[in-house]
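Thanks for coming. I will keep this short. Please look at the structure on the screen while I talk.

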Amino acid sequence: MYYNGWVGKIAWIDLSKEKITIEPIDQYKDWIGGRGLASYLLFEHLPESAEALSAENIIVFSTGPLTGTMSSSSARLNITSKNALTSGYASANAGGFFAVALKRAGFDAIAVKGVANNPVYIFVNEGEIQIRNGNELWGLTVKGVGDYFEKEFSKNNLSYLCIGPAGEKLCKIANVVVDSGRSASYGGLGATMGFKKLKAIVVSGKAPVGIAHPDDFLSIVRKSFDKLMGGHWIKLIRRHGTLITMLGGIDGKGSQVVRNYQDCYWEGQKILKLNPINFEPYIIRRLTCFSCPIECSRLYRFIDREGNTNFFEGLQANHITDLGSIIDVDDLETILRASALVNNLGLDADGVGCSLAWAFECFEKGLLSKDECDGLDLSWGNYKVVDGLILRIAQRVGIGDLLADGALEASRKLGRGSEKYAMHIKGSPLRETIYPDMAWTLGVAVSTRGSGHLNGAVRLNRLQYLNQGESMDSSPETMGRLVAWFENFKSLVDSLGICYFTTIWTDSEGLGPIELAELFRTVTGIKKDSEELLKIGARVQNIEKAFNTLHAGFTRMDDFPPERLFVNAVSNGPHKGSILNKTNWDKLLNAYYEVRQYDLPSGLQKKECLDELEMLSVKDRLASKGMIK
Amino acid sequence: MTLSMAIDLEKCTGCRICELVCAYHLYKNFDTRFSAIQINFDLFRIPIHYQIKNQCDLCQELAIPMCMSFCVSECLHLLRG
């Protein structure tokens with residue numbers, strides 16, 4: 001059978017039984033692909049009793065029908081599993097080339113369950129899948145794995161994803177690194193792979209993705225490229241990379257995360273030291289993902305303390321907070337080196353930042369002694385200890401063992417009243433800017449993967465896509481609608497397999513739902529209008545919400561940011577005096593729940609919500625557990 | 001005077017759009033195995049060498065070859081002579 005958009009197959013790999021089963025994609029097309037497909041597979045196949053770190057857990061590597069086509073930024077790989085940090089839903093997304101190679105090798109998705117007896121890696125080669133002995137890879141860094149594959153296969157255009165030593169050690173803040181520099185973080189996916197003794201997946205594929213209407217498709221792509229390149233934000237990102245979004249903007253007038261949220265204002269001179277322009281001497285070339293005209297990535301070079309030259313791609317805007325302001329470190333080379341280190345060890349920088357910030361604060365408050373910190377001085381701003389702490393986390397040595405499972409779990413182990421310094425939502429690390437847009441903060445707090453801005457978080461100036469012609473206001477009702485709309489939109493974008501950066505989330509000249517419907521039609525040959533596609537986005541959002549309810553028992557109280565943000569006002573700067581307010585947060589949640597048709601007191605889904613979305617089996621499963629209103 | 005295509009690999013950022021539009025120009029599909037322009041990448045996705053095959057007709061009917069008109073990193077050049 002010939003496919004357009006999809007390539008036709010899902011591979012189920014059971015590592016315990018060393019068995020590979022191929023299933024056609026056809027029955028899942030209503031979930032589109034990528035995140036939607038994976039969320040459905042996980043919901044249907046994983047019982048609530050399964051732990052994240054267990055043989056039963058399933059980890060799905062999935063692509064969408066636009067992945068590997070010439071749609072702008074069509075390189076996205078979705079990785080979905082049960083969340084090692086929250087026990088709910090985990091999803092992460094990475095660019096590079098891996099997802100494209102996987103489709104070219106003939107697979108829309110790979111779903112892995114079981115545990116291998118010994119370390120293994122999976123080799124996907126032009127339609128064939130092998131489970132191979134990975135003993136020689138175990139213990140290697142991300143770069144080490146790349147070097148191994150280069151020697152082993154001695155061919156070009158390979159792509160791989162892997163875990164580093166942190167994933168092997170089951171650190172719950174470990175990530176999966178794609179193409180040596182693109183990280184799929186959040187949800188402890190590195191630990192999930194590590195538990196399964198799955199070190200890596202390497203792919204070689206060349207077959208094309210079929211396009212139903214090539215002429216129309218190319219015409220739409222041409223227009224979207226031209227429009228995109230005229231966008232104000234796209235121009236800035238092309239010029240500076242993602243670092244342009246650091247610390248709330250190049251002028252430093254945005255909101256920051258400082259000293260574990262003791263403040264959301266950082267002194268101007270510290271921000272200016274970390275201006276994106278100051279990183280430019282370390283850039284040796286621009287990089288981009290497959291079919292992406294934005295070119296947000298950079299290859300960096302620096303000399304480490306041992307005098308070795310290092311090359312790495314992974315520095316992103318969030319690292320300036322995670323490895324900088326959140327522990328009051330303003331030393332540029334420390335951040336650069338630490339960024340390369342977390343990448344090479346397979347650690348999520350956001351998780352590392354939160355763990356470090358919690359430890360620094362415990363040290364300040366006398367809850368952790370210098371002895372308990374392996375003799376290290378964890379005073380705010382002490383950049384000299386950052387590398388050592390990261391290495392300790394990845395190896396689970398000394399204080400690193402305490403920090404390796406995230407700030408919440410560390411605080412539970414330590415006790416001593418340290419829980420109030422663990423900055424998290426639902427157990428997932430919190431390191432987001434809080435002000436000025438409450439739509440951003442709300443989107444972070446209700447994210448189905450626990451926290452993070454890559455679900456419904458959105459700047460208020462995106463209101464034009466919600467209701468054209470309506471004046472912008474910042475009422476709870478408006479923000480609730482805005483966040484719910486962007487949740488549906490992002491679910492759709494992730495299911496199609498393209499990058500959020502190429503959409504209206506980043507720039508008004510980006511792809512919106514109407515353009516996505518046109519791309520979907522010309523690629524797959526299936527006509528669905530933008531409202532139908534956004535409804536699929538809403539279904540994805542709701543199946544993830546239901547997964548969280550069933551597996552983690554999350555309710556309204558889990559949609560609140562940490563207490564500290566309701567107590568500490570911003571000390572200075574443009575947001576001086578800003579503080580979260582419980583009454584206002586309740587209003588915000590109520591407004592959002594109304595739009596989503598969630599029950600206001602409990603935060604659980606209502607029956608009519610799932611009826612409207614025709615999700616009867618989900619409704620029945622929630623009802624059987626008494627978890628629906 | 002003859003024209004030929006050259007790629008500045010230092011400027012190439014690795015999007016592979018040129019390969020896709022080349023396949024479209026030649027065969028009305030996006031099967032890059034048969035593109036006249038072929039760039040090979042290492043595991044960092046850094047271009048390491050390229051090949052312009054004989055099928056390249058520099059998109060004669062167009063003012064600018066398709067690969068050049070889509071390339072945003074401006075790494076493609078026409079060589080004269």
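A:E313 makes a salt bridge with B:R45, and the closest N and O atoms lie 2.9 Å apart. By salt bridge I mean a side-chain nitrogen of Lys or Arg within 4 Å of a carboxyl oxygen of Asp or Glu. The rule finds one salt bridge across the interface of chain A and chain B.

Some ground rules. This is a predicted model, where local features need pLDDT of at least 70 and side-chain atom pairs count only at pLDDT 80 or more, while totals for chains, interfaces and linings use all residues. Residues are numbered from 1 along each chain as its sequence is written, chains are lettered from A and ligands numbered from 1 in the order in which they are written, and side-chain values use heavy atoms, with hydrogens and water left out.

Back to the interface. Contact, meaning heavy atoms within 4.5 Å, takes in 41 residues of chain A and 33 residues of chain B. The buried area between the two chains is about 3,100 Å², and carbon and sulfur atoms give 60% of this area. Buried area is the accessible area (1.4 Å probe) that two parts lose on being put together, summed over both. Which three residues supply more than any other three of the area that chain A buries against chain B? They are A:M70, A:N157 and A:R285, with 18%.

By class, the side of chain A that touches chain B has 20 nonpolar, nine polar and 12 charged residues. Here Ala, Val, Leu, Ile, Met, Phe, Trp, Tyr, Cys and Pro count as nonpolar, Asp, Glu, Lys and Arg as charged, and the others, Gly among them, as polar.
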